[in-house]
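This report concerns a predicted model. Please consult the sequence and the structure below while reading.

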Amino acid sequence: MNDDQTIWPPVEPIAAGIKGRCPRCGEGQLFSGFLTVAPRCGNCGLDNSFADAGDGPAVFVILIIGFIVVGSALWMEVTLNPPLWLHFMLWIPLTIVLSLAGLRIAKGILITLQYRNKAAEGRLEGSE
């Protein structure tokens, strides 16, 4: 990762993460499936084995989408008082769509930021 700046120009990590692009070259695909990280970049050959976003994207998506959906549902209930079936027909599909889209974006952003900041697994001093 140290020689990357001499060969590849810096890539904006947020933009690359949102677009699902390689964190090194900004051209290749980061994902091989919907949420599956590609083993290598098809453009620059970056080995994506470093990419481990863990549960971080899911936590962000749950908190952000949950706040939006619950707040909107409460506002709708208080102001319009619709029937319960309308709540189900509106909020359940919206929650699913927003969560899936948000999860891919959040995972892409966290992986590109992990690459940019050279984040690695924590180690104790003196241990190898």
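## Ala 16 in helix H2

Ala 16 belongs to helix H2, which covers residues 13–19. Its relative accessibility is 4%, and because buried means under 20% relative accessible area, Ala 16 counts as buried.

When residues up to four places away in sequence are not counted, Ala 16 touches Val 11, Arg 21, Cys 22 and Thr 112. Thr 79, by contrast, is 63 residues apart from Ala 16 in sequence, and the two C-alpha atoms are 40 Å apart in space.

## Asn 48 in the loop

Asn 48 sits in the loop between H2 and helix H3, the latter comprising residues 56–80. With a relative accessible area of 5%, Asn 48 is likewise buried.

Beyond its neighbours within four places in sequence, Asn 48 makes contact with Leu 30, Val 37, Ala 38, Pro 39, Arg 40 and Cys 41.

## Cysteines and disulfides

A disulfide requires a pair of cysteine sulfur atoms within 2.5 Å. By this rule, the model contains zero disulfides. Cys 41 is in no disulfide, since its nearest cysteine sulfur, that of Cys 22, is 3.6 Å away. For Cys 44, the closest cysteine sulfur is in Cys 41; the distance is 3.6 Å and therefore too far for a bond.

Are these residues buried or exposed? Cys 41 counts as buried because its relative accessibility is 5%. Cys 44 is also buried, with a relative accessible area of 16%.

Conventions
Residues are numbered from 1 along each chain as its sequence is written. This is a predicted model: local features need pLDDT of at least 70, side-chain atom pairs count only at pLDDT 80 or more; totals for chains, interfaces and linings use all residues. Side-chain values use heavy atoms; hydrogens and water are left out. Helices (H or I, at least four residues) and strands (E, at least two) are DSSP runs, numbered from the N terminus. Buried means under 20% relative accessible area, exposed over 50%, partly exposed in between (1.4 Å probe, protein chains only). Contact means heavy atoms within 4.5 Å.
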